[in-house]
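Biologist: I am new to this structure. Please show it to me, and let me ask how the terms are applied.

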Protein chains: 2
Amino acid sequence: MADFELMRTLAQSAKTKIVLLVMDGVGGMPVAPGGPTELEAAQKPNFNRLAAEGCLGQMNPVGYGITPGSGPGHLSLFGYDPLKFDIGRGVLEAFGIGVEVGSDDVAARGNFCTVDSGGRITDRRAGRIATEASSKLVEKLAKIKIPGVEMEVRPVKEHRFVVVMRGPGLSACLTETDPQKTGVPPLPVKATDPKGEKTAKAFNEWIAQAGKILAGEAPANMLTLRGFSGDPRLPQFADIFKVHPACVAVYPMYRGVAKLVGMQGIAFEGDTPEDEFRAIAGIWNDFDFFFIHIKGTDSRGEDGDFDAKVKVIEKVDAALPALLALKPDVLLVTGDHSTPAKLKSHSWHPVPLLLWAPETARPDAETVFGERMCARGGLGTFPTPELMPIALAHALRLAKYGA
Amino acid sequence: MADFELMRTLAQSAKTKIVLLVMDGVGGMPVAPGGPTELEAAQKPNFNRLAAEGCLGQMNPVGYGITPGSGPGHLSLFGYDPLKFDIGRGVLEAFGIGVEVGSDDVAARGNFCTVDSGGRITDRRAGRIATEASSKLVEKLAKIKIPGVEMEVRPVKEHRFVVVMRGPGLSACLTETDPQKTGVPPLPVKATDPKGEKTAKAFNEWIAQAGKILAGEAPANMLTLRGFSGDPRLPQFADIFKVHPACVAVYPMYRGVAKLVGMQGIAFEGDTPEDEFRAIAGIWNDFDFFFIHIKGTDSRGEDGDFDAKVKVIEKVDAALPALLALKPDVLLVTGDHSTPAKLKSHSWHPVPLLLWAPETARPDAETVFGERMCARGGLGTFPTPELMPIALAHALRLAKYGA
């Protein structure tokens, strides 16, 4: 990973601006032997020009062969070793919707689910009920009182919500209640450490009361809790790398992980790449590091829709001139992990990287942005957390090491 | 870094000979879009033949994105992790001019500077005064007596000199006096640890007396001290790698760092690549590891003179037949870091590497020695300290690991 002590010593402020453009799950695979990947198939004249002028490479977010979740994938892009800094999904979701998780609090991600008359789960996502319906259920759950603690429950999207428990002596050393399969009831919360006993008891009480409230509802007549977690108190991005960072992302989850490292989330209208780049233009003078998150590449990859994923990449490419017009000093185009449409899921394949820095990048021999080209690129194959030092170097923000 | 314990176990003596030819700062960049780098632009038929017969790669001396100083860059080439073995500039300079730094001594690098009537620095290098003028000032400073310690002052080159303090109870835990800017006076030496108090006081006394002696001089009427450091007592190269190493270098600094790891510096006439290769021929039967340092590539890179840097590379190439006539078993051609003429400074870009070993190298598909080709070379991209194990392996000097 990036050596934080070394970065703190060498990183220095400058007027240069760095853009980290993340197309979630951009890395792909051919669907037919000898065919192109999604990125290679896309018509993307802007990206290809940048590839010819800049430098390519490929990155491993967590380790060779390891498939990253969204949290580890992004932490890694921000320079943090995801094996060292483990962030619970509960905290990520909470931060994403603007719910604070204090130093003594425990957050969990909730799913509404459907159970049969015997309490056995028949649908782990309650038919992905609409966010509006989910919000009404959350309002009811918000009335539950548990002695000795305070509870905050908030809707996220569709069947997902967040619950945060606040009070003295809590601990996130807890097991999840989602059995990860249907035909069995939700599991009780158990403490994995004696210091979690009180918290487990309080959560089980809350779940029991919630079960009574939901019993008459359909299809969401029960819930599960996952990702119990507290504030990981991460070292702050701005302190380590001496940048003033902003985040432009449509989905709460990604604003959440960015907020965890201290990036300022930017509110904006719309949800297209054009909208996101317009939001960047609006704050261009106020920050010097810009994290932009594009979700569609991952969503269409998980759908298994190769052509739709190609189209998302093409849309980002078409919108790119507005971003380039801002004249970033360093532009990084990459993903947090690969999501090949062929596999319909996140994968362990190295993530393609394009680095463009007109004044400081050493061009390689590659002229097209694609996985095959990135594998031969001038930046080589390296661990994703090293991207930040590379980015700072190309922005002339790292002092020389030693005389 | 090279695993010293593993090396000590596996390395073995042999009759094979290894040459490490370092063109300081050889890595470069195009000055025009799509153009060649300095190395790519050079007419270098000998290097290109070796590239075709051998194997290319690229290396990171300190870490991804980190720009190395000369000390760390060379330590790394010698197999030492420069983040673990931190050598002060004072010691490096002292060793380079043959001044001993004993286990209790503290060395500093001095700069003559110019101050105005208010004691404020107006030129941190006193107009880079000639070495002869500097030597005369050093003679005067050599007369200063400080109770309880012995002082040795010696000229290096231009405005630079070395001062070594000897005596019991000294410590290099000291702050530098160069404020790194003009318009302010030199700073006092301060101890960063209580054990440095005595040393700080003695250096401040010496500086006060030096100031009186220099007061009537021009332009060098004051001095600053940097890089306070003691003998780092490095593990010795010969012990770790089981070679008998020699160093041929024109500049003191590089003989200094080679001496730190126990290489024997070779005195020779002249300062061209031909002269250096002739010096190697003269000691060919007495050693089995030869570190040759070529300075011009770095100097012309720092000047921002692309064409002159190209010419230095061409001169080394033209002289190469004399080196090849010695029939080294392994020849490594690389740099301690990149110094692109475009940036006029050391840089973080990976350093191109050519490995030629007619009996043992596995050739790759590349046929020209250049940065774009090295990025695709058979040795991949790797940390510079791993070069030594690779060199020993190609010299058949490493035993098999495990049965």
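Modeller: Start with A:Ala41, which lies in helix H2 (residues 38-41) of chain A. Helices here are DSSP runs of H or I with at least four residues, strands are runs of E with at least two, and both are numbered from the N terminus. This is a predicted model: local features need pLDDT of at least 70, side-chain atom pairs count only at pLDDT 80 or more, and totals for chains, interfaces and linings use all residues. Residues are numbered from 1 along each chain as its sequence is written, while chains are lettered from A and ligands numbered from 1 in the order in which they are written.

Biologist: Why is A:Ala41 called partly exposed?

Modeller: A residue is buried if 20 or more other C-beta atoms, placed from the backbone, lie within 10 Å of its own, exposed if 12 or fewer, and partly exposed in between. A:Ala41 has 19 other C-beta atoms within 10 Å, so it is partly exposed.

Biologist: Which residues is A:Ala41 in contact with, leaving aside its neighbours within four places in sequence?

Modeller: They are A:Pro36 and A:Val310. Contact means that the C-beta atoms, placed from the backbone, lie within 7 Å. As for A:His293, its C-alpha atom is separated from that of A:Ala41 by 21 Å, and the two are 252 residues apart along the chain.

Biologist: What makes chain A as compact as a globular protein of that length?

Modeller: First, its secondary structure comes to 14 helices and 13 strands. The radius of gyration of chain A is 22 Å, close to the 22 Å that the globule rule gives for 403 residues, so chain A is as compact as a globular protein of that length. The radius is taken over C-alpha atoms, and the rule is 2.2 Å times the number of residues to the power 0.38. Buried residues make up 53% of the 403 residues in chain A. Of the contacts in chain A with a separation of 6 or more, 73% join residues 24 or more positions apart.

Biologist: How is chain A divided into domains?

Modeller: Domain 1 covers 4-87 + 234-394, and domain 2 covers 91-229. The bounds come from an automatic or database domain assignment. The centres of the two domains, taken over C-alpha atoms, are 33 Å apart. Nine residues of domain 1 of chain A are in contact with eight residues of domain 2 of chain A.

Biologist: Which helix gives the most to the side of domain 1 of chain A that touches domain 2 of chain A?

Modeller: Helix H9 (residues 252-260) of chain A does, with seven residues.

Biologist: How do you know that H9(A) is largely enclosed by the rest of the structure?

Modeller: Eight of its nine residues are buried, so H9(A) is largely enclosed. Among them are A:Pro252, A:Tyr254 and A:Leu260. The cover includes helix H4 (70-77), helix H5 (89-96) and strand S5 (150-157) of chain A.

Biologist: What makes S9 and S13 of chain A edge strands?

Modeller: Eight strands form an open sheet in the order S9-S8-S10-S1-S11-S12-S2-S13 (chain A), with mixed pairing. S9 and strand S13 (381-383) of chain A each pair on one side only. Two strands pair if DSSP finds at least two bridges between them. Strand S2 (residues 55-60) of chain A and S13(A) have three bridges, in the parallel sense.

Biologist: Where does chain B touch chain A?

Modeller: 28 residues of chain B are in contact with 22 residues of chain A. Helix H4 (70-77), helix H5 (89-96) and helix H13 (371-374) of chain B each give two or more residues to that side of chain B. The largest share, three residues, comes from H4(B).

Biologist: How do you know that the two copies are related as by a three-fold rotation axis?

Modeller: Chain B can be laid on chain A with an RMSD of 0.2 Å by a turn of 123° and a shift of 0.0 Å along the axis. The two copies are thus related as by a three-fold rotation axis. In chain B, the C-alpha nearest the axis is that of B:Arg376, 3.3 Å from it. The superposition is by least squares on the C-alpha atoms of residues with pLDDT of at least 70 in both copies.

Methods. Contact = placed C-beta atoms within 7 Å.
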